[in-house]
Amino acid sequence: MNRRKLAVIGLDCATPQLVFGAFRDDLPNLKRLMAGGSWGKLRSTDPPITVPAWLCMFTGCDPGKLGIYGFRNYRDYAYEKMTFATTLAVKEPAVWDVLAQHGIRSIVLGVPPSYPVPPLPGGTRVGCWLTPDASCEYTWPRELKRELAAQFGEYQFDVRDFRTDDKDYLKRQIGEMTDQHFALARHLVTTRDWEFFAMVEIGLDRLHHGFWKYFDPQHRKFQPGSPHAGVIRDYYRQLDTRVGELLAAMPDDTTVLVVSDHGAQRMDGGFRINEWLRQQGYLVLTTEPATAQALEPGMVDWPKTRCWGEGGYYSRIMFNVRGRSPRGMLAAGEVDAFRAELTAKLELLDDDCGVPMRNRVLDPATLYPVRNGIAPDLMVYFGDLRWRSVGTVGGAAGVYVQENDTGPDDANHDHHGIAICYDPTRRGAGERQGWELYDVGATVLAYFGLVPPAGWRGCDWHGGAQ
Amino acid sequence: MSDQQGLVIWLTGMSGTGKTTLAQALAQALPARGAARMQLLDGDELRQTLCRGLGFSRADRDENIQRLGYVAQLLERHGVAVIVAAISPYRETRAAVQATLTRCLEVQCTAPLTVLQQRDVKGLYAQAAAGELPQFTGVSDPYEPATAPAVTVDSSAETVAAGVDKVLAALTARGWLAGDAGLTTAEEELVRQRLADLGYL
């Protein structure tokens, strides 16, 4: 068993075109790790969303096996019951659970989802940004919360008031939150006994979503000469500095993985999936909403409705199947033909300028060998994620929108994140191709000489496939 | 490693009711809920080792269960989450053994006899029907179901995942799995609003 330490530093949404490209020379610490190690794009999960992506990375399971397809998941087919993907929904062991079974101690900070915080025998754990607030029990051991509060003040799980127009306030918050998280990480790695460390910093994701339009000339809302044009580059520099400080607090022979759960790209707008489904006659409401509003089950004329969609960075489409849902309309024998019809229509859609959107429509039945829980019947990446899905109905906005009423729309996720693997005892291999997010867990377990649990997905980057 | 308290999940049920399948799924799920030290005691396996030589008379069946119970007791005392998957056909014997355990959750695994006969993964029901197994539980030997099990899992009507959820919920309700409080309604709304603000919904 390898007794050298291993640290996984997760930078949510760190994107390869910036880390390996435009900002590379601004990031001396990451550049040093790349120069001495191996690095490359990291293919994310489908869907490439924070939850389930980090969970998939550290459990070696795809979303189907986990039964977790997003932040919220249907509990059944009765239209209404969506539940949050908290740790209570996780039925598979993560790497730190497996390591604990072998007496290997872990520090796990902010890896989503991590609330409620389950015990981690011999280890230390701090909840992620899905923790309601600092009054909750967000640490393991429980008494750690008091120690952290005394030393670092109130824990900042996430930025507040994300939709503020005060971008300076938003930028300041993200920077301060990140500084606090890394200070806390340095504190723990120097005061606790550990062999494995994993953290996820969420600030970069927030920054991309909030500031992308100021620096990307291709963005529809790009503002030349904006005072915020350098915010993203500056934050990457800050992040690089904090990573360097954290590594300096660890033993020199620590092996380091720097990874992200997905990348980022500009967002061109929002596609109102339910308005489009209404236009096609697939979704029927009992009354016309006066203004745009969220689709609620009570608004739907279910006996006339074949499907409905969810908003978010991608869309989940659920079919209203007879015998499966209380007021199902589609006969089971019609489902396959309907799926094909809907897929074909979605794939052929043009955007608001008449340019093909390049929508990707995915069938979970072909993506995931096992589908636990309630899987969507289809998943749609509008514009291959250049467009978000908007779930509202009603109002005069039409199908394509630029102003999003549910959240920021500067950036969306992309299919590839980053991975840098630096082992001071090995010669690095430079740029690598074909790495997948699932490989991270397998690589960690192999590092400690452990065989992954049965069905674990991924390859050890220093060895063969699991 | 002193922060995990022991517990025992005792799965009882006739052959083919899904005890081993449920036990293996629980063994996967427990570490993620803080029970990193976990041990599965499978009745079939232990009959090849610790209980080798025991037959299927009432006395031997009782001895078999008492040995399983003794091991479970030792492990529980040392903070291990123990999953026992054994037919354990006699109510009185189960009760006596479980009385020696501090935190024991009895889980009744069940399915209609016709379903078990159709499944017959090990071919035992067919052998029993042919008169080749004179002491086959539930057919030619008694099986006494639990009168008040903490959890009942009917494998003919429920998925393995649903069974796992029921067992974990029962452990949660007893406070035997720490850190397992769910979100309150107010907390759920707080998180929902945060996700909406961030554009995830």
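**View 1. Strand β1(A) and its burial.** Strand β1 of chain A, residues 6-11, is mostly covered, with six of its six residues buried. Here a residue is buried if 20 or more other C-beta atoms lie within 10 Å of its own, exposed if 12 or fewer, and partly exposed in between, with C-beta atoms placed from the backbone. Strands (E, at least two residues) and helices (H or I, at least four) are DSSP runs numbered from the N terminus. The model is predicted: local features need pLDDT of at least 70 and side-chain atom pairs count only at pLDDT 80 or more, while totals for chains, interfaces and linings use all residues. Residues are numbered from 1 along each chain as its sequence is written, and chains are lettered from A and ligands numbered from 1 in the order in which they are written. One side of β1(A) carries Leu6(A), Val8(A) and Gly10(A), the other Ala7(A), Ile9(A) and Leu11(A), and all are buried.

**View 2. The partners of β1(A).** Strand β8 of chain A (residues 196-201) pairs with β1(A) in the parallel sense over six bridges; two strands pair if DSSP finds at least two bridges between them. In this pairing Ala7(A) stands opposite Phe197(A). Strand β9 of chain A (residues 255-259) is also parallel to β1(A), over five bridges. There Val8(A) faces Leu257(A).

**View 3. Helices α6(A) and α7(A).** Helix α6 (residues 144-152) and helix α7 (residues 167-191) of chain A pack at an angle of about 120°, with axes 11 Å apart. Axes are lines fitted to C-alpha atoms, for helices over the stretch in contact, and angles run from 0 to 180 degrees between N-to-C directions. The two helices are therefore oblique to each other; angles under 35 degrees count as roughly parallel, over 145 as roughly antiparallel, 65 to 115 as roughly perpendicular and the rest as oblique. Their crossing is right-handed, that is, the near helix is turned clockwise from the far one by less than a right angle, anticlockwise being left-handed. Leu148(A), Gln151(A) and Phe152(A) of α6(A) make the contact with Gln180(A), Ala183(A), Leu184(A) and His187(A) of α7(A); contact means C-beta atoms, placed from the backbone, within 7 Å. By class these residues are four nonpolar, three polar and no charged. Ala, Val, Leu, Ile, Met, Phe, Trp, Tyr, Cys and Pro count as nonpolar, Asp, Glu, Lys and Arg as charged, and the others, Gly among them, as polar.

**View 4. Helices α7(A) and α8(A).** The axes of α7(A) and helix α8 of chain A (residues 203-215) come within 9 Å and cross at roughly 165°. That makes the two helices roughly antiparallel, and their crossing is left-handed. Leu170(A), Ile174(A), Met177(A) and Thr178(A) of α7(A) meet Gly203(A), Arg206(A), Leu207(A) and Gly210(A) of α8(A). This contact has four nonpolar, three polar and one charged residues.

**View 5. The open sheet of chain B.** Five strands with parallel pairing form an open sheet in the order β2-β3-β1-β4-β5 (chain B). Strands β2 (38-42) and β5 (151-154) of chain B stand at the edges with a single partner strand each, so one side of each has no neighbour in the sheet. The twist averages 20° from one strand to the next. Five bridges join β1(B), residues 7-12, to the parallel strand β4(B), residues 104-110, and Ile9(B) stands opposite Leu105(B). Helix α7 of chain B (residues 160-173) lies across β1, β4 and β5 of chain B, at about 180° to β5(B).

Notes. Two residues are in contact if their C-beta atoms, placed from the backbone, lie within 7 Å.
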